[in-house]
Amino acid sequence: MAQHRQTIVVIGNGMVGYKFCEKLTARTADFNIVVFGEEPRRAYDRVHLSEYFNGKSAEDLSLSSENWYQEKGITLYLGDTVQEINRTEKMVHSLKGVVQPYDYLVFATGSAAFVPDIPGVEKDGVFVYRTIEDLEMIQKYAGSAKNGAVLGGGLLGLEAAKALLDLGIQEAHVVEFAPRLMPRQIDSAGSAMLQAKLEALGLQMHLQKSTKCIAGENKITGLQFTDDTLLEVDMLVISAGIRPRDELAKLAGLETGLRGGIVVNEKMQTSDKHIFAIGECALYDGMIYGLVAPGYDMAEVAATTICAGKRNFTGYDMSTKLKLIGVDVASFGDPFVSEPDSRSIVFEDRHKGVYKRINISNDGKYLLGGVLIGEAEAYNMLLQTVNNKLVLPPNPEDLVLGARGGEFAGGAGVMSLPDEALICSCEAVSKGAICAAVTEGGATNLEEIKKHTKAGTCCGGCVPLVKDLLNDTLKANGSYIKNTICEHFDFSRQELFDLLKLNSIITYDEALDVFGKGDGCEVCKPAVASILSSLWNDVIVRQQTIQDSNDRYLANIQKGGTYSVVPRIPGGEITPDKLIVIGQVAKKYGLYTKITGGQRIDMFGAHLSDLPDIWEELIEAGFESGHAYGKALRTVKSCVGSTWCRFGLHDSVSFAIEVEDRYKGIRAPHKIKGGVSGCIRECAEAQSKDFGIIATDKGWNLYVCGNGGSKPQHAQLLASDIDKDTCLKYLDRFLMFYIKTADALTRTATWLNKMEGGMSYLKNVIINDSLGISEQLEKEMQLLINNYHCEWKEVVQNPELRKRFVHFVNAPREKDPNVKFELMREQVKATEW
């Protein structure tokens with residue numbers, strides 16, 4: 001006679017409920033599992049919920065395929081909540097009338113958004129930020145709102161504020177009752193740095209504000225504070241914390257905490273040993289854990305206990321690292337411990353917006369915790385140093401200033417960690433498990449590690465550490481580490497570059513047929529397109545089907561669905577007649593104009609179908625494409641040099657024009673910028689460029705591998721006091737060497753930083769010809785120079801290419817009706833979607 005299968009009922013189908021089902025079915029198929037989900041959709045990723053506003057669909061966020069539950073033998077009731085639990089008969093009753101007996105019951109009801117008891121919260125325009133349905137309502141309402149506010153300056157509140165910015169809200173405000181942002185995670189100084197960075201991005205902060213009521217008749221018009229000030233807003237998102245969903249447990253007579261939460265023991269059992277609680281509804285040792293990683297650990301403990309295994313929950317490290325609106329924020333260990341219980345080392349760079357604080361034991365041996373704002377690359381190893389009680393080096397300040405010599409200051413790096421060190425907290429994967437996947441399981445890349453261990457498959461925060469472990473383990477085993485483009489090409493960019501050249505491959509399809517497999521992906525398509533353009537300097541729109549939207553339309557797509565037009569202005573020099581033409585074109589097509597930092601004029605707001613007409617008029621006036629949309633040479637900035645300046649030593653303008661005309665249109669792994677300064681006063685800011693040329697009494701100094709942006713880096717001196725011809729020869733070699741050897745989307749600064757031997761090696765290759773390839777590099781560069789085409793002109797003169805630049809194929813002259821404009825300082829601005 002067949003043995004009776006016990007039934008497990010899971011109440012809640014969020015991330016933790018789903019993880020419990022995944023953990024249990026991975027162990028055994030001996031249970032009949034029934035899941036009740038309140039929401040109308042399968043479990044989805046709430047950690048990355050804000051990406052819904054960046055184009056991800058509900059299906060993209062889903063944690064499983066549509067038939068996963070069926071394949072695992074799980075009965076799933078969606079949009080149906082459990083209303084009553086009969087503990088005596090071990091039976092649950094659902095809203096839709098399902099009566100389901102159970103042997104074990106698992107509460108995974110999670111939490112709800114905490115909504116303060118403020119008069120007016122029921123008004124139109126007031127939302128919470130919790131589910132996809134919430135996001136859909138916020139998105140719909142935001143279309144008619146100009147000013148929005150978020151109530152709550154914690155993790156979720158700042159995520160919600162980012163969502164408002166993504167939705168195009170003109171003024172986004174954050175209201176926080178505490179005197180600083182993220183008061184539970186970071187200290188006052190770190191919070192001040194974070195606040196400054198977020199304000200620079202357009203958020204307005206209101207700290208130490210208590211909301212008295214929500215103003216407005218039927219819909220919100222503002223927030224009235226207790227200090228009698230009023231903040232006028234059209235919509236409000238409440239993100240003031242969470243409230244455990246324990247109401248059903250209370251009705252069933254289970255023990256709950258005074259402030260909410262279902263009381264559980266170390267086995268995740270409630271006051272009824274047949275009923276478990278996991279995730280944000282569970283109260284363990286007086287604490288609710290509001291992160292997904294401890295919820296996953298609770299799911300593992302509950303599944304193990306039900307299967308008669310031995311596993312306890314003993315609390316959880318609440319360290320966290322995230323990127324808030326592009327700003328790195330991390331806290332680990334005990335971020336608030338201070339004297340006399342510890343000593344602190346603080347690094348603060350207000351210019352770059354970086355704040356780092358580490359707390360170390362009084363004897364200087366151990367790291368206790370810390371805070372990182374603006375730069376958090378070291379977070380994973382710092383967390384491991386705390387958790388594994390690694391002894392600190394003699395100079396613990398290296399932990400925040402950077403280790404001398406490039407090694408991690410905590411010792412021999414990731415390989416020095418004990419095997420039991422927890423690398424992926426979400427999936428409870430240890431260092432030993434990851435190393436075993438390599439040494440015993442044969443894993444050779446990140447995807448195989450994920451498949452073997454599930455490390456890095458949830459929040460992704462551990463991925464850098466997992467990669468380091470993978471590479472170091474492979475090296476220790478004597479394996480060659482290959483940096484392949486993607487799963488479709490088993491070659492690095494450099495290898496594929498040479499293969500396509502040697503075999504005269506000119507199309508992506510041919511490259512895929514000869515050297516690849518499968519159908520390709522969004523990683524390899526633009527990478528191969530860039531390689532082909534770098535090899536042959538052919539017009540990139542001939543590879544149209546593998547380009548992203550910018551290269552496909554030879555223009556940058558901007559907010560509101562319009563495009564920008566940026567003609568080349570070599571060296572920043574332009575005649576009055578050409579200036580007049582730009583003005584005429586901008587007026588004719590209703591474009592917004594702006595002078596850029598690279599000495600050009602941007603024209604914004606062009607309709608897709610107008611682009612060829614605009615280009616045609618500009619080309620007729622002598623302009624060319626400025627390649628502002630491509631991974632190519634952007635600009636060569638110049639000062640006025642000896643032409644006008646009293647201090648100028650040489651004619652920097654003429655040289656900048658010559659250099660820009662020489663390298664225009666050349667595709668590379670990343671964008672390239674240059675500068676030419678006529679004296680050491682450096683008005684062209686040449687040392688912040690990928691290549692910079694500065695006049696000296698004896699000739700020119702050539703600097704390379706600098707960049708501005710979020711992580712500025714000064715260029716380094718390659719050659720000094722050289723003549724113009726030598727300077728161009730070295731530049732030819734340098735740029736071609738970079739194009740041939742750098743990984744896709746790698747700037748010259750990063751390329752040099754990763755180069756073994758650094759600048760000494762680069763000088764040997766470029767100046768001393770240590771590899772014997774200088775002549776080849778010069779010939780390859782000359783081929784690209786000779787093959788230059790203005791891509792705009794090619795489209796204008798080619799009827800077939802020109803046909804592509806329409807919004808509606810069946811109505812070529814009709815413009816996108818969704819594109820709207822509004823006035824701003826006497827110019828038009830596209831209204832954001």
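**Figure 1. Glutamate 300 and its partner arginine 311 in the predicted model.** Glutamate 300 is buried, having a relative accessible area of 13%, in a structure that is a predicted model. Its side chain forms a salt bridge with arginine 311, and the closest N and O atoms of the two are 3.8 Å apart. This pair links distant parts of the chain, since glutamate 300 belongs to helix H8 (residues 292-306) while arginine 311 sits in the loop between H8 and strand E21 (320-324), eleven residues apart. Arginine 311 is partly exposed, with a relative accessible area of 27%.

**Figure 2. The salt-bridge network that includes glutamate 300 and arginine 311.** Glu300 and Arg311 are linked with Lys19, Glu22, Lys23, Arg27, Asp297, Glu427 and Lys454 in a network of salt bridges. The count of salt bridges comes to 41.

Figure 3. Glutamate 617 forms a salt bridge with lysine 588, and the closest N and O atoms are 2.6 Å apart. Glutamate 617 is partly exposed, at a relative accessible area of 25%, whereas lysine 588 is exposed, at 56%.

**Figure 4. The whole protein chain as the setting for the close-up views.** The secondary structure of the protein chain comes to 27 helices and 37 strands, and its C-alpha atoms fill a box of roughly 90 × 65 × 65 Å along the principal axes. The radius of gyration is 30 Å, which agrees with the value near 28 Å that a compact globule of 833 residues would have. Of these 833 residues, 53% count as buried, and among contacts with a separation of 6 or more, 62% are between residues 24 or more positions apart. The chain exposes about 38,200 Å², of which carbon and sulfur atoms supply 49%. There are 91 positive and 108 negative side chains, and the centres of the two sets lie 1 Å apart.

Conventions:
Residues numbered from 1 in each chain as written. Predicted model: local features only at pLDDT ≥ 70, side-chain atom pairs only at ≥ 80, totals over all residues. Heavy atoms only, no water. Helix = DSSP H or I, 4+ residues; strand = E, 2+ residues; numbered from the N terminus. Rg over C-alpha atoms; globule rule 2.2 N^0.38 Å. Buried < 20%, exposed > 50% of the residue type's maximum accessible area, 1.4 Å probe, protein only. Contact = heavy atoms within 4.5 Å. Areas by Shrake-Rupley, 256 points an atom, 1.4 Å probe, with all protein chains shown as cover. Lys, Arg positive; Asp, Glu negative; His and termini not counted. Charge placed at Lys NZ, Arg CZ, Asp CG, Glu CD. Salt bridge = Lys/Arg side-chain N within 4 Å of Asp/Glu carboxyl O.
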